[in-house]
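Dear colleague,

My notes on what was found follow directly after it.

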Amino acid sequence: MTDVTGPGFDDLIVGAGFAGAVLAERLARDAGRRVLLVDRRPHIGGNAYDTYDDAGILIHPYGPHIFHTNSRSVFEYLSQFTAWRPYQHRVLASVDGQLLPIPINLDTVNRLYGLNLCASELDAYFASVAEPVGTARTSEDVVVGRVGRDLYRKFFQGYTRKQWDLDPSELDASVTARVPVRTNRDDRYFTDTHQVMPLHGYTRMFQRMLDHPNISVLLNTDYRDIQELVPWQHMIYTGPVDAFFDHCYGRLPYRSLHFEHQTHATEQFQAVGTVNHPNEYAFTRVSEFKHLTGQRHPQTSVVYEYPRADGDPYYPVPTPENAEQYRCYEALTRTRPDVTFVGRLATYRYYNMDQVVAQALATYHRLHPVGAGAAPE
Ligand code: FAD
Ligand code: UDP
């Protein structure tokens, strides 16, 4: 176990996910500070943690994590700690008895409606069915304003209600805007410049980030149990921001998931990494890890995601009311110059992994501008 009885630490970092690990690495390696990184879970990596299951298949216990970014600096930063395997994620949605490409593209529309449109005809088709929405404010506006109500109902409304327990009309535009619409036949889920998976997994990458004499890691530990016992100067907090302030403005809604993991005695379970089920079942999607990792194995492991309100906080819920409530907490964070709040839960932002890394690198540059190397893009 880590010895925390020494002369104390410069930084106490709460949470060993991307936000905490990037800051631990930078503070220790670049600024020479002594860092104590604590997590209440029994492992590093936060929600990106991966591990081998009983069958020996590399799985993501907290759901499928696919790395994609347009940021060269984020990609280069992480490349110090891992080699990569190229991986382009593909998703099919089960709609009207067919498995169709999502994001909606030319093949989706042609196969769904039995048409034979070309790309320019599809543009005209979308224009004919799209509803006028003016400025898209909600997640409903974004979709009906682009592809009309039928595709919205078939691909987005049911999935979104399951995932968030809210109608798309109650959610910010940014949520469904994550999924583009295409008029060509590109069936990749992402189009970022860099689409890769860490060759030996996320956990190995985190281990290499944290392998430094100035970094001590304490797992199975809630920071509240040690913050008075261990001397530290500055805290980096990456947990839920409302919990830090004892929910004094009420609980911020975070959406949770129940993950059902299964192993099957077959080499391949489904044709692509993820199959979405917008309209049937209580789960939203099924992901098969071997597509992501490239692992070869006679069996295969999959995960079903069942959205729920209670449980570990995974998603901030982007609505105008929640943004308002978050702003109260954000104002409180400014009364604590001894603590820096970073990451998806602490800044209540629906961030992907690369955005969290970029936010953590930018935070480091703000905290330690001298000798901090090149600023991120
Ligand atoms: P986290 O990883 O949540 O880390 C926070 C850590 O703080 C946790 O380990 C927690 O245990 C710890 N903590 C909290 N409170 C305390 C406390 N009191 N004491 C001690 N420790 C505490 N992003 C992508 O880019 N691509 C994807 O494909 C993708 N898929 C996703 C799928 C799912 C199902 C989910 C939920 C998220 C996905 N993401 C994906 C997003 C990605 O998980 C996050 O962007 C990223 O992991 C956030 O990192 P973080 O460090 O901010 O938070
Ligand atoms: N979404 C949907 N149907 C789909 C895929 C996504 O309605 O087939 C909506 C849904 O609201 C979802 C959001 O778009 O929560 C963002 O999807 P993404 O795949 O980015 O979700 P994440 O991987 O972050 O869970």
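Five strands form an open sheet in the order β10-β2-β1-β11-β17, with parallel pairing; strands pair if DSSP finds at least two bridges between them. β10 (215-218) and β17 (339-341) stand at the edges with a single partner strand each, so one side of each is left without a neighbour in the sheet. On average, neighbouring strands of this sheet are turned by 20 degrees against each other, direction ignored. Strand β11 (residues 232-237) pairs with β17 in the parallel sense over three bridges, and Tyr-237 has Phe-341 in β17 as its bridge partner.

Please note that this is a predicted model, in which local features need pLDDT of at least 70 and side-chain atom pairs count only at pLDDT 80 or more, while totals for chains, interfaces and linings use all residues. Residues are numbered from 1 along each chain as its sequence is written, and chains are lettered from A and ligands numbered from 1 in the order in which they are written. Helices (H or I, at least four residues) and strands (E, at least two) are DSSP runs, numbered from the N terminus.

Helix α1 (residues 18-30) packs with helix α7 (residues 202-210) at an angle of about 30 degrees, their axes being 9 Å apart. The axes are lines fitted to C-alpha atoms, for helices over the stretch in contact, and angles run from 0 to 180 degrees between N-to-C directions. The two helices α1 and α7 are therefore roughly parallel to each other (angles under 35 degrees). Here Ala-21, Ala-24 and Glu-25 in α1 meet Phe-206, Met-209 and Leu-210 in α7, a contact being C-beta atoms, placed from the backbone, within 7 Å.

Of the 33 residues around ligand 1, Gly-15, Gly-17, Gly-46, Gly-239 and Gly-343 come nearest; a residue is near if its C-beta atom, placed from the backbone, lies within 6 Å.

Around ligand 2 there are 13 residues, of which Phe-156, Tyr-159, Thr-160, Arg-178 and Asn-276 come nearest. The elements giving two or more residues to this shell are α5 (139-164) and α6 (173-176), and α5 provides the largest share, five residues.

Finally, an unreviewed UniProt entry places the feature "domain: UDP-galactopyranose mutase C-terminal" at residues 154-350; such annotations may be inferred rather than shown by experiment. Over residues 154-350 the chain is 26% helix and 24% strand, with the end C-alpha atoms 24 Å apart.

Yours sincerely

How values were computed: Parallel < 35°, antiparallel > 145°, perpendicular 65-115°, else oblique. Contact = placed C-beta atoms within 7 Å.
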